[in-house]
Amino acid sequence: MKRMGMIFRAKANKALDRAEDPRETLDYSYQKQLELLQKVRRGVADVATSRKRLELQLNQLQSQSTKLEDQGRKALALGREDLAREALSRRAALQQQVTDLETQHTTLQGEEEKLTLAAQRLQAKVDAFRTKKETIKATYTAAQAQTRIGEAFSGISEEMGDVGLAIQRAEDKTAQLQARAGAIDELLASGALDDPSGLAKDDLQAELDRISGGTDVELELQRMKAELAGGAPQQAIEGGTGQAQSQQPQDTPRFDKQ
């Protein structure tokens with residue numbers, strides 16, 4: 001079971017690695033940092049609100065303490081020492097509350113300063129991360145485009161690979177057909193195969209046709225030379241006829257009638 005779990009985790013990790021886009025991961029990390037910064041700012045605002053509430057309570061208690069002090073003086077001036085003592089007692093109790101609130105106020109003020117400094121540092125880190133994130137994304141996009149262009153030129157990409165295979169198959173079939181056609185022509189020329197259409201010629205007939213064609217060309221060339229020289233083509237023709245007659249045997253056997 002441990003081995004199966006390890007194999008499953010390895011395959012899942014590989015699949016996730018293929019599916020992961022670094023740009024999306026960077027954007028997600030930046031979003032989480034913004035959320036954290038927002039929480040810190042909200043904490044600073046909450047601490048500032050509590051500090052402000054304590055300041056209001058301190059102001060009220062100090063006002064009441066001053067009022068009790070004035071009332072004690074008036075009572076003492078009227079000869080009411082008992083009222084003056086009661087007023088001073090209440091003032092003492094309020095003064096203790098003021099002292100406690102001042103201690104809490106000082107503590108909250110220190111926490112507010114710490115959170116404010118932390119928010120400023122976090123803001124600087126978030127801004128730096130944003131700049132780096134955009135730089136990495138731009139570099140990754142450029143590298144990805146360059147890789148795709150290189151794969152397209154080299155023909156190793158999936159799309160161009162299919163095209164390359166199709167071209168290779170077409171070239172192989174063309175070469176095979178050309179080789180087959182050449183082999184058939186050689187067999188027909190050698191006489192190993194019969195041509196039912198009668199268009200194919202053996203070597204002897206081809207040589208005779210070549211010689212006949214060459215003779216016709218020579219006669220035509222002689223005629224054109226005679227025309228250009230201003231002579232009569234007929235002389236050339238007659239000369240050719242005379243040569244032909246001269247080639248005939250001179251002695252013809254005669255048979256006498258008996």
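These legends accompany close-up views of a predicted model.

**View 1. Helix α2 and the residue that follows.** Helix α2 runs over residues 22–77 and is made up of 56 residues. From its first C-alpha to its last, α2 reaches 82 Å, close to the 82 Å expected at 1.5 Å a residue. Just after α2, G79 adopts a positive phi of about 85°.

**View 2. The largest nonpolar core.** Seven residues form this core: L54, L58, L61, L68, L94, V98 and L101. Helices α2 (22–77) and α3 (81–154) each supply at least two of its residues. The most comes from α2, which gives four residues. L68, one of the core residues, touches A87, R90, R91 and L94, when residues up to four places away in sequence are not counted.

**View 3. Salt bridges of E69.** E69 takes part in salt bridges with R73 and with R91. For E69 and R73, the closest N and O atoms are 3.1 Å apart. These two residues are four residues apart in helix α2 and so are separated by about one helical turn. In the pair of E69 and R91, the N to O distance is 3.5 Å. E69 lies in helix α2 and R91 in helix α3, so this pair ties together parts that are 22 residues apart in sequence. E69 is partly exposed, with a relative accessible area of 23%, and R91 is also partly exposed, at 27%. R73 is exposed, with a relative accessible area of 55%. R91 is also among the residues that L68 touches.

**View 4. The salt-bridge network around K133.** D27, K133, E134 and K137 are linked in a network of salt bridges. E134, at 35% relative accessibility, counts as partly exposed. Side chains of opposite charge can pair when their charged atoms come close.

Methods. Residues numbered from 1 in each chain as written. Predicted model: local features only at pLDDT ≥ 70, side-chain atom pairs only at ≥ 80, totals over all residues. Heavy atoms only, no water. Core = buried A, V, L, I, M, F, W, Y, C linked by side-chain atoms within 4.5 Å. Buried < 20%, exposed > 50% of the residue type's maximum accessible area, 1.4 Å probe, protein only. Contact = heavy atoms within 4.5 Å. Expected span 1.5 Å × (residues − 1). Salt bridge = Lys/Arg side-chain N within 4 Å of Asp/Glu carboxyl O.
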